[in-house]
Amino acid sequence: MWFRHDLRLEDNPAWSRATQADTVEPVVVVEDTLLDAAGPHRRTRYLDAVVDLQDTLRANGADLTILDGPAQIAIPRIAANADSIHVNEAVGPWGRRRDAEVSAAVAKPLTSEWGTLVAEPGTVLTGKGTLSRVFTAFWKVWVRTPPPPLPEAGSAEAVSGGAGIGSRAAELVEQHRRQRSTIASAHDRLASWLDHVDRYDDDRDRPAIDGTSQLSADLRLGTISPRRVLDVVGTSTPGRDGFVRQLAWRDWYAHLLLEMPHMLSSAIRPEYDAIEWLDDPEGLEAWKSGQTGYPIVDAGMRQLAQTGWMHNRVRMITASFLVKDLLIDWRLGERWFRSLLIDAEPSQNAGNWQWVAGTGTDAAPYFRIFNPVSQSRRFDPSGTYIRRWVPELSALADRDIHAPWETAPLDLASAGVILGDTYPAPLVDHASARARTLEAYARAVKPST
Ligand SMILES: Cc1cc2nc3c(=O)[nH]c(=O)nc-3n(C[C@H](O)[C@H](O)[C@H](O)COP(=O)(O)OP(=O)(O)OC[C@H]3O[C@@H](n4cnc5c(N)ncnc54)[C@H](O)[C@@H]3O)c2cc1C
């Protein structure tokens with residue numbers, strides 16, 4: 001059993017199938033290239049998840065074989081004589097290509113299940129048998145499609161052939177085990193989320209409070225199954241229903257990526273690839289480092305850099321700012337998010353970036369442009385979130401903190417804020433930036449004849 005983004009034993013269809021045999025060897029392959037590309041927070045979360053899986057196996061009298069990548073070499077070497085190699089299927093093109101290469105090297109297909117999604121790709125289709133390009137239509141079918149029953153593990157004896165002993169990856173995991181601090185498990189997070197989920201509809205857009213589950217990294221690493229989350233939460237209240245709808249978005253973007261692998265690098269609606277993006281390294285750098293002069297944008301970008309996570313509303317605001325205010329290619333923003341997010345997932349990241357950029361399927365129309373100041377006033381009215389991440393503005397009054405450049409000089413001075421010195425002046429004027437973007441998009445969509 002080769003674990004990837006399904007680092008759990010419970011509700012794991014591939015593990016259930018693998019354990020129907022007499023013996024099974026649980027294996028993880030640590031890919032240096034992926035680990036090196038992950039920001040510090042994702043790296044920690046990944047290694048935590050591997051340690052937890054190893055502990056769970058050890059508690060059951062087994063162990064986890066931890067191998068150095070690349071998987072194309074490691075898996076054929078260890079599984080040359082295995083009857084079958086069990087996996088939960090990958091969604092992204094990189095993983096699918098890797099799996100095809102492994103399968104070719106062992107001269108047999110991998111035995112695969114869909115343990116990372118609620119609904120299996122191909123089971124949520126329109127009346128015409130196609131995958132809907134509109135989320136609401138997908139959701140209506142998704143919510144009526146019963147997922148397959150949660151699988152029970154079999155009774156195979158878990159064995160370890162010692163192949164991982166002395167591998168660099170095994171040493172890295174061991175070192176991480178010694179250094180790590182105790183963390184809550186995915187199941188603890190889900191349990192405490194149940195105290196809040198009924199308020200999801202009211203709280204989900206308020207970045208200053210814990211109004212969302214923060215389960216995204218668990219879902220990404222597979223330390224909990226989306227099926228389990230769905231079953232535990234259910235849809236009995238509007239809050240629960242709204243939350244479960246987000247799990248459907250997650251499935252939808254994964255299903256879309258399987259059909260459109262090119263969506264990671266080009267616009268889903270090809271006419272938008274003609275947009276003339278600005279080459280603005282300084283603007284990009286200011287955005288990345290949370291120094292744009294727009295407090296809500298800077299707060300979000302600093303939360304991302306410092307924690308590896310950002311609230312969804314603020315992801316939308318910061319992404320919109322990069323694309324629509326700075327007119328910088330969404331792919332550069334997608335890459336930055338992908339490097340830092342603990343929940344970075346190509347289908348979700350590119351899907352959401354394209355939604356914000358208006359280049360994707362079922363996206364917000366491009367002429368609907370977020371105003372970062374009104375978004376800030378609406379969703380962080382008391383400036384609590386801004387104060388947490390942009391402390392140099394914390395003495396400003398609630399009404400002023402969203403747009404310091406509109407604040408009276410005396411009020412700025414008494415809050416200790418010097419624009420252009422203690423905090424940047426705004427990088428762009430939103431109204432003119434908006435007009436520039438509308439022109440650029442219009443030119444791309446309706447090229448002059
Ligand atoms: C520009 C941008 C980039 C994003 N990149 C990623 C990414 O790389 N990985 C990722 O998992 N999510 C991504 N999201 C979606 C969303 O922001 C996160 O899933 C969410 O903030 C995670 O926090 P949570 O677990 O508390 O969410 P909750 O609100 O508690 O939602 C529960 C779960 O539903 C799923 N979900 C929620 N919102 C979305 C959404 N908009 N699209 C798809 N699934 C969703 C997630 O799995 C999430 O854990 C991105 C959104 C934007 C706007």
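Let us start with helix H5, residues 93-106, in this predicted model. At 1.5 Å a residue, its 14 residues should span 20 Å, and the end C-alpha atoms are 20 Å apart, so expectation and model agree. Which residues of H5 are buried? They are Arg 98, Asp 99 and Val 102. These residues cover an arc of only 100° around the axis, which means that they sit on the same side of H5. As a general point, an α-helix has 3.6 residues a turn, so residues three or four places apart point the same way. The cover over the buried residues of H5 includes helix H4 (71-79) and strand S5 (86-88).

Please look now at the residue that follows H5. Ala 107 has a positive phi of about 55°, although it is not a glycine. Its place is the loop between H5 and strand S6 (111-113). Is Ala 107 buried or exposed? Ala 107 is exposed, because it has 8 other C-beta atoms within 10 Å, and a residue with 12 or fewer counts as exposed.

I turn next to the sheet. It is an open sheet of 3 strands, in the order S1-S3-S4, and the pairing is parallel. Strand S1 (2-3) and strand S4 (65-68) are the edge strands, since each of them pairs on one side only. S1 is joined to S3 by 2 bridges, while 4 bridges join S3, residues 27-30, to S4. Where do individual residues meet? Trp 2 stands opposite Val 27 in S3. Val 27 in turn stands opposite Thr 65 in S4, and Val 28 stands opposite Ile 66 in S4.

Strand S3 also shows a pattern worth noting. In a regular strand the side chains alternate between the two faces of the sheet. Here, Val 27 and Val 29 point one way from S3, Val 28 and Val 30 point the other way, and all are buried.

What lies against this sheet? H4 lies across S1, S3 and S4, and runs at about 155° to S3. Helix H7, residues 168-179, packs on the sheet as well, touching S3 and S4, and its direction makes about 120° with that of S4. In the loop between S4 and H4 we find Pro 70. The peptide bond from Gly 69 to Pro 70 is cis, with omega near 0°.

Thr 65 is buried because 25 other C-beta atoms lie within 10 Å, where 20 or more are required. Leaving aside neighbours within four places in sequence, Thr 65 is in contact with several residues, including Glu 25, Pro 26 and Val 27, and also Ser 160 and Gly 161. By contrast, Thr 65 and Pro 207 are 142 residues apart in sequence and 40 Å apart in space, C-alpha to C-alpha.

The next topic is helix H14, residues 295-307. Its 13 residues, at 1.5 Å each, should span 18 Å, and the end C-alpha atoms are 18 Å apart, which agrees. The buried residues of H14 include Pro 295, Ile 296, Val 297, Met 301 and Leu 304. Among the elements that cover the buried residues of H14 are helix H13 (281-288), helix H16 (330-340) and helix H18 (372-379). Just after H14, Gly 308 takes a positive phi of about 80°.

Ala 305 also lies in H14. Ala 305 counts as partly exposed, because it has 18 C-beta neighbours inside 10 Å. Not counting residues up to four places away in sequence, Ala 305 touches Gly 290 and Leu 340. The C-alpha atoms of Ala 305 and His 41 are separated by 9.1 Å, although these residues are 264 residues apart along the chain.

Finally, I come to the ligand. Which residues come nearest to it? Of the 28 residues around the ligand, they are Thr 212, Ser 213, Gln 246, Asn 349 and Asn 352. Helix H10 (216-221), helix H12 (238-259), helix H15 (312-325) and helix H17 (346-357) each give two or more residues to the shell. H12 gives the most, with 6 residues.

One further residue deserves mention. Gln 214 lies in the loop between helix H9 (200-203) and H10. Gln 214 has a positive phi of about 55°, although it is not a glycine. With 14 C-beta neighbours inside 10 Å, Gln 214 counts as partly exposed.

Key: Residues numbered from 1 in each chain as written. Predicted model: local features only at pLDDT ≥ 70, side-chain atom pairs only at ≥ 80, totals over all residues. Expected span 1.5 Å × (residues − 1). Arc of directions from axis to C-beta. Contact = placed C-beta atoms within 7 Å. Pairing = 2+ DSSP bridges. Axes fitted to C-alpha atoms, helices over the stretch in contact; angles between N-to-C directions. Near = placed C-beta within 6 Å.
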